[in-house]
Amino acid sequence: MPKIFRASIMHTPQSPFAGGLLASYEDGALVIKNDEIIDLDDYAKIATKYPNAKTHSFKNSFILPGLIDTHVHYPQIPVIGAMGLRLLDWLEQRTLPAEAKLADRKIAKKQAKIFLKQLARNGTTTALVFGAHFATAMEEFFIQADKSKLRITAGLVLGDRLLHPDLYTSPQKAYSESKALIEKWHNKNRLRYAVTPRFSVSCSDEILAVCGKLLAEYPDLYFTTHINEQIEEIKLVKEQFGAPDYLETYEKHNLINERSILAHNVHPSDSELSRIARANAAVAHCPSSNMFIGSGLFNMLKHLEHRVKFGLGSDVGGGTGFSIFKEGLNSYQVQMLQKNQLDLGSSHLLYLASLAGAEALGLDTTVGSFEIGKKADFIVLKPQAKSTLAINLKYSSSAEDSLASIFTLARADAIKDVFVSGESVL
Ligand SMILES: [Zn+2]
């Protein structure tokens, strides 16, 4: 029996960067059968078409696609708000000591549960999660991620130099521990595995070679890491590897392909952008983090010109929280601050927060918009009474206006329910 979800509905079936328009239904109805979307239209038409379907009506509410976070760190909730430090000092003084605590399996389990709940409460239904450096912590994480029913891709983080010493692995250990986690968790229910070297600064060629070996053995694995975040970091990588640029340190080990997602890319060369595009790899754009730790302003125009795919990432804890709405707002502000600013509207932000993330993660035939046949991943958003959002929305004169208000003002307290494959996960 189909189920009808009635509210004001918006989604982006096609990229607004390629001329796609916002699809909106002021009194809309999304029809779900089992775990899939089978119809979407004005409520009046749907009510006649499916007279026996059970209807869930949400008054003064919006239904939007589940939000997609392409870069967020499981161990880093305690680090949010660590002010006054740039990347390399921030890692050394605040982040790596916090990550070392996940050696304790009980702490890892507790943090995994809290972390996954925060994703859901912020409306995130799909995430590429940067894991922990300990196999036991990742085992706990995957157990909890499976229970959460969210769509999660993650992996054991690897590094063997310039880290807190407790976090070091060896090539042999990196290979055997990763392999065991892959065998157990990759493609289990909604989980997938991403080979995850921390970043070239912390990885010898031997560790990166292990990553290449794993990708060759399991061709449908994902790959994620950091790239071109801060100028000092890029200089260090070039010195360490004697490499012409940052990307080359990963390319050398065959790590860049259509299932590779590279976080940040704030300071890429044109050559790197061309090569990322040619490999059909993607970038995770994390604007709040880029501002908080002073990395710089993401050049969206160049990424578009080079046809590099990108989605949004919260980058907790360099970022300032889990809200992908806030990342959308920050991405807008970052473009406004640049001379070559793009004329972004709220439909671009919705696309970046949903379908673009799905495209970056190769999941766009499954989620990211409300096309018929996709999985029913969606959020119900209802502004709190007397909130600035509720008041502001009263002045809205179009769907685009309402969406702009949502990106500017809606946060976790406006998320009323969250559905993955038609089932509530809150
Ligand atoms: Zn990160």
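The C-alpha centres of domain 1 and domain 2 lie 30 Å apart. Domain 1 covers 3-66 + 370-424 and domain 2 covers 67-336, with bounds from an automatic or database domain assignment. This is a predicted model, in which local features need pLDDT of at least 70 and side-chain atom pairs count only at pLDDT 80 or more, while totals for chains, interfaces and linings use all residues. Residues are numbered from 1 along each chain as its sequence is written.

The contact between the domains draws 14 residues from domain 1 and 16 residues from domain 2 (contact: C-beta atoms, placed from the backbone, within 7 Å). On the domain 1 side, α16 (399-409) and β15 are the elements that give two or more residues (DSSP runs numbered from the N terminus: helices H or I, at least four residues; strands E, at least two).

β15 also belongs to an open sheet of seven strands, ordered β3-β2-β1-β4-β14-β15-β16, with mixed pairing (strands pair if DSSP finds at least two bridges between them). At the edges are β3 (36-42) and β16 (423-424), each pairing on one side only. β15 (residues 415-420) meets β16 in the antiparallel sense over two bridges, and V420 has E423 of β16 as its bridge partner.

Turning to a helix pair, the axes of α5 (residues 171-185) and α6 (residues 205-217) come within 9 Å and cross at roughly 25 degrees (axes are lines fitted to C-alpha atoms over the stretch in contact, with angles from 0 to 180 degrees between N-to-C directions). α5 is therefore roughly parallel to α6 (angles under 35 degrees). P171, A174, Y175 and S178 of α5 touch E206, I207, V210, K213 and L214 of α6 in this contact.

Conventions. Parallel < 35°, antiparallel > 145°, perpendicular 65-115°, else oblique. Contact = placed C-beta atoms within 7 Å.
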